[in-house]
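Please look through the structure below with its sequence beside it.

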Amino acid sequence: MINREELIKHGYKTYDSDVLYSAVCLYQKRIKDDKGTKYFIDIYEYILKSKDNYDKFKSYEARLVTSLKNDTYSLNILLYCIDNNTTIEQLEKDIEDIWTKLGCDYYEKSND
């Protein structure tokens, strides 16, 4: 299950103010290897209210932020549908698969 404590435990940095998209918090993790930064995973946290404003619950969406074709394009892929059964490990594996299968380039190479 994805929540604040698990995201921090898995190395995500928090940005609690001035985040985009009406989110209450942004969690960001840089994914890198010996060649450089492959991509970023941005996870936005929202607090949703029911119609009567009585019940509140948190919702999350993830974004893959990377480059395509030697910095010709910036790529920002939104992943909806993060449910209570989704784990951070599974989300990170799925994002790595997307990055690989799309043939994305490094966000930033070490030699640049």
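## A bridge at the end of the chain

The model is a predicted one, in which local features need pLDDT of at least 70 and side-chain atom pairs count only at pLDDT 80 or more, whereas totals for chains, interfaces and linings use all residues. Residues are numbered from 1 along each chain as its sequence is written, and side-chain values use heavy atoms, with hydrogens and water left out.

Strand S6 covers residues 108-109, and Glu108 belongs to it; strands here are DSSP runs of type E with at least two residues, while helices are runs of H or I with at least four, and both are numbered from the N terminus. Two bridges join S6 to S3, and these strands run antiparallel; two strands are said to pair if DSSP finds at least two bridges between them. Glu108 is in contact (heavy atoms within 4.5 Å) with Arg30, Lys35, Gly36 and Thr37, when residues up to four places away in sequence are not counted. Although Lys35 and Glu108 are 73 residues apart along the chain, their C-alpha atoms are separated by 8.6 Å. With a relative accessibility of 43%, Glu108 counts as partly exposed, a class that lies between buried (under 20% relative accessible area) and exposed (over 50%), as found with a 1.4 Å probe on protein chains only.

## The overall fold

How many helices and strands does the protein have? There are two helices and six strands, and along the sequence they follow the pattern α-β-β-β-β-β-α-β. Of the 112 residues in the protein, 38% are buried. Among contacts with a separation of 6 or more, 44% are between residues 24 or more positions apart. The protein exposes about 7500 Å², of which carbon and sulfur atoms supply 48%; this area comes from the Shrake-Rupley method with a 1.4 Å probe, and for residues only the protein chains shown count as cover.

## How the strands are joined

Strand S1, residues 13-15, is joined to S2 by three bridges, and the two run antiparallel; here Tyr15 has Leu26 in S2 as its bridge partner. S2 is in turn joined to S3 by nine bridges, again in an antiparallel arrangement, and a hairpin connects S2 to S3 through two residues. Along this pairing, Gln28 has Asp42 in S3 as its bridge partner, and Arg30 stands opposite Phe40 in S3.

Is S3 largely enclosed or largely open? Because 11 of its 14 residues are buried, S3 is largely enclosed by the rest of the structure.

## The nonpolar core

A nonpolar core is a set of buried Ala, Val, Leu, Ile, Met, Phe, Trp, Tyr and Cys residues joined through side-chain atoms within 4.5 Å. The largest such core has 20 residues, and Leu7 and Ile43 are those with the most contacts inside it. At least two residues of this core come from each of strand S2 (25-33), strand S3 (36-49), strand S4 (56-68), strand S5 (73-79) and helix H2 (88-101). H2 provides the largest share of the core, namely four residues.

Leu7 touches Ile2, Tyr12, Tyr27, Ile43, Tyr60 and Ile88, with residues up to four places away in sequence left aside.

## Aromatic rings

Rings of Phe, Tyr and Trp (its six-membered ring) pair if their centres lie within 6.5 Å, and planes under 30 degrees apart count as stacked, over 60 as edge-to-face and the rest as tilted. By this rule there are three aromatic pairs. In one of them, Tyr39 and Trp99, the ring centres are 5.7 Å apart and the planes are at 45°, so the pair is tilted. This pair links distant parts of the chain, since Tyr39 lies in strand S3 and Trp99 lies in helix H2, 60 residues apart.

Tyr39 is buried, with a relative accessible area of 2%, and Trp99 is also buried, at 9% relative accessibility. The rings of Trp99 and Tyr106 have centres 5.6 Å apart and planes at 90°, so this pair is edge-to-face. Tyr106 is buried, as is Trp99, and Tyr39, Trp99 and Tyr106 together form one aromatic cluster.
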